[in-house]
Amino acid sequence: MSNAREITTKIRSVENTRKVTSALEMVSASKIRKSQDKMAASRPYASMVKQVIGHLSKARPEYKHPFTVEREEVKRVGYVIISSDRGLCGGLNNNLFRNLLMDIKQWQDQGVEVDVVTFGKKAGQFFKRIAVNIAASTQDLGESPEVTDLIGPLKVLTDAYKEGSLDRVVLAYNDFVNTMTQRPTLDQLLPLPPTDDEQVREIWDYIYEPDAVELLDTVLTRYLESLVYQGVLENLASEHAARMIAMKNASDNASSLIDDLKLVYNKARQAAITQEISEIVSGAAAV
Amino acid sequence: MANTIHCDIVSAEESIFSGAVKMVFATGEMGELGIAPRHTPLLTRLKPGQVRVQLETDEEAFYYVSGGLIEVQPHMVTVLADTAIRANDLDEAAAQKAKEEAEKALADRATDVEVAEAQAKLAEAMAQIAALERLRNIRKR
């Protein structure tokens, strides 16, 4: 029966694992909701900032802010990489990193240097092994990331862009499509893609205090921050969704493993009983 | 209807207020603002302080903003509130901190690899012990 006992211990340990994975699954399921609510809450700001930018660029068509000017030659590219702090979320981070590496390699083949700014532990750990320059990094954004946490790392890039040492900035994150699908996404942050907002055609203008140019600078910085903030939120929702799916698969696997083990256990038990009976019978026959 | 104006107060993290109001009061960079319906279009930065809205019921609601922008159109007011206190030197300090964190992460590179190596060795040792134990069991039988 020692074999049977070994199997029961194994069954028990798999059952314990299943308890953990199904608990994690349920925790992630509830967190998805919360992060989706946050995503919805942050949208009005971004759309309103976008409107204001539309107005502003119409008010001063002759003035081009450096953030909106496409540069002819690209010598250095910056990446803002958003990842999760914790693992156990399937291939979420790795899918994003793989896409990124391909993109980075394309630039490097052209002799373009690459700077990265990482958000989240996983990106930090991954990209310090790669031959790129980490300009800034932040981790432990937590369940409710704040814009305050993004200002510093972003300023490193925007300053470099204004100085002219960076010619392009790309935002990389996992787009939350739905619970089953998260799409690794690379969006161009700088230079800002032109907003073809043709709704604003009325001929009127704001009174600007202090000055349209200065305001445009503030508004564009805010806009960039809100874009990155939204990327962080999308990535957070993706992380929870991916973890939920990964943990659901793990629980299912554990269940089927337990079923198999139970079958083996029953067979072993039956064999032991049969053996015992045959021993008794043959013993009785001998007497 | 004609004597109200639509007001939205939003921050990057949430929508704070939305609704029809009689009047909006805020502290602009160039001075106090009182915005009534049909105000001239205006765009200005806000100083940290209160944004006060007078509701249709003549009640007043107060919101604290740590800076931001206010956009005024004849039929609507939008306050784009900052959640963080912004100042150039503060931003600079935050940027510096992020850079240092990156340098620290790079300095940790060695230790991280060491941890991974140690873990691999531990796993190997544990596998060996398990194999030995199995061997012992077989011999006993």
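A:Asp175 is buried, with a relative accessible area of 18%; buried means under 20% relative accessible area, exposed over 50%, and partly exposed in between (1.4 Å probe, protein chains only). The model is predicted: local features need pLDDT of at least 70 and side-chain atom pairs count only at pLDDT 80 or more, whereas totals for chains, interfaces and linings use all residues. Residues are numbered from 1 along each chain as its sequence is written, chains are lettered from A and ligands numbered from 1 in the order in which they are written, and side-chain values use heavy atoms, with hydrogens and water left out.

**Salt bridges**

- The side chain of A:Asp175 meets that of A:Arg183 in a salt bridge at 3.7 Å, N to O; the term denotes a side-chain nitrogen of Lys or Arg within 4 Å of a carboxyl oxygen of Asp or Glu.
- Salt bridges with shared partners join A:Lys31, A:Arg86 and A:Glu143 into one network.
- Helices (H or I, at least four residues) and strands (E, at least two) are DSSP runs, numbered from the N terminus.
- Both members of the pair count as partly exposed, A:Arg86 at 47% relative accessibility and A:Glu143 at 29%.
- A further salt bridge joins the side chains of A:Asp37 and A:Arg33 at 3.7 Å, N to O. These two residues lie in helix H1 (residues 2–59) of chain A, 4 residues apart, about one turn of the helix.
- A:Asp37 is partly exposed, with a relative accessible area of 42%, and A:Arg33 is exposed, at 55%.
- Over all chains, the count by this rule comes to 19 salt bridges.

**Strands of chain A**

- Strand S4 (residues 168–176) of chain A is mostly covered, with 9 of its 9 residues buried.
- S4(A) runs parallel to strand S1 (residues 76–82) of chain A, and 5 bridges join them; strands are taken to pair if DSSP finds at least two bridges between them.
- In this pairing, A:Tyr79 stands opposite A:Val170.
- S4(A) is also joined by 8 bridges to strand S5 (residues 182–190) of chain A, in the antiparallel sense. Here A:Leu171 stands opposite A:Asp187.
- S4(A) and S5(A) make up a hairpin, with 5 residues between them.
- In a regular strand the side chains alternate between the two faces of the sheet.

**Strands of chain B**

- S4(B) pairs with strand S5 (residues 60–65) of chain B over 6 bridges in the antiparallel sense, with B:Gly49 opposite B:Val65.
- These two strands form a hairpin with 4 residues between them, and B:Asp58 in the turn has a positive phi of about 70°.

**Interface of chain B and chain A**

- Strand pairing crosses between the chains: strand S6 (residues 207–209) of chain A and S4(B) pair in the parallel sense over 3 bridges. A:Ile207 has B:Leu42 in S4(B) as its bridge partner.
- Contact, defined as heavy atoms within 4.5 Å, involves 41 residues of chain B and 44 residues of chain A.
- The two chains bury about 3600 Å² between them, 62% of it on carbon and sulfur atoms. Buried area is the accessible area (1.4 Å probe) that two parts lose on being put together, summed over both.
- The rule finds 2 salt bridges across the interface, one of which joins the side chains of B:Arg45 and A:Glu214 at 2.8 Å, N to O.
- On the side of chain B that touches chain A, the elements giving two or more residues are strands S1 (5–11), S4 (42–55), S6 (68–73) and S7 (76–81), together with helices H1 (88–107) and H2 (109–140) of chain B.
- H1(B) provides the largest share of that side, 10 residues.
- The residues on that side divide into 18 nonpolar, 7 polar and 16 charged. Ala, Val, Leu, Ile, Met, Phe, Trp, Tyr, Cys and Pro count as nonpolar, Asp, Glu, Lys and Arg as charged, and the others, Gly among them, as polar.
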